[in-house]
Amino acid sequence: MLPETRYAERGDVHIAYQIIGEGESDLVLVPEFWHSIEAQWDQPALADFLLRLSSFGRLISFDQRGTGVSDPVRPDEVSSLEQWLDDISIVMDEVGSKQAVLVGMGGGGSLGMLFAATYPERTSGLVLVNSFPRLSQATDYEWGRASAVEDEVLHVMRTGWGRGVLLD
């Protein structure tokens, strides 16, 4: 049985979340920004991973504002990192979680790292899955994407987002 989708509210923002599992520890899944809590259960490997995570404690999944079944953002707006950090706090507050292990997946890992550094009192651990400290190359980070690749990704996102265009 799939977990029920609920909504945490702060002001005029509604953040969708689900809880599965129980226990003393809370785990907050910090996903990629295109994640959907309702679609995650349609992917067998991801669903198995999430069920396994939920065996360690209460797994809290959420959709960041502008994604999945959370409130959309206006087409001319882009959510800030501070707003996405707030989304984690909004959901944790709603479910009564004072402290949690953050499980950052892909791009959500960067957000999880930032949350842990900003709110260490609310973070009991940090698990990074296929994550990275930054996307772009820099003089001290040669593993990032080259600027030409970043430019192409931004172009595809700006012109193709919501139109079924995939990033290669």
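Predicted model: local features only at pLDDT ≥ 70, side-chain atom pairs only at ≥ 80, totals over all residues.
**View 1. Helix H2 crosses helix H3.** Here you're looking at H2 (residues 81-94) and H3 (residues 108-118), whose axes come within 10 Å and cross at roughly 70°. On the H2 side, Leu 81, Trp 84, Leu 85, Ile 88, Ser 89 and Met 92 take part in the contact, and they meet Leu 111, Leu 114, Phe 115 and Thr 118 of H3. Sort the residues of this contact by type and you get eight nonpolar, two polar and no charged.

**View 2. The largest nonpolar core.** This core has 19 residues, and Val 28, Phe 62, Ile 88 and Val 91 touch the most other members. At least two residues each come from strands S2 (13-20), S3 (26-30), S4 (58-62) and S5 (100-105), and from helices H2 and H3. H2 gives the largest share, with six residues. Check out a second, separate core too: its twelve residues include Leu 29, Ala 47, Val 101 and Met 105.

**View 3. Phe 62 and its contacts.** Leaving out residues up to four places away in sequence, Phe 62 touches a whole list of residues, among them Ile 15, Tyr 17, Val 28, Pro 31, His 35 and Asp 87.

**View 4. Asn 130, out in a loop.** Find this residue in the loop between strand S6 (123-129) and helix H4 (147-160). Asn 130 isn't a glycine, yet its phi is positive, at about 50°. Is Asn 130 buried or exposed? Asn 130 is exposed, with a relative accessible area of 69%.

Notes
Residues numbered from 1 in each chain as written. Heavy atoms only, no water. Axes fitted to C-alpha atoms, helices over the stretch in contact; angles between N-to-C directions. Helix = DSSP H or I, 4+ residues; strand = E, 2+ residues; numbered from the N terminus. Contact = heavy atoms within 4.5 Å. Nonpolar A, V, L, I, M, F, W, Y, C, P; charged D, E, K, R; others polar. Buried < 20%, exposed > 50% of the residue type's maximum accessible area, 1.4 Å probe, protein only. Core = buried A, V, L, I, M, F, W, Y, C linked by side-chain atoms within 4.5 Å.
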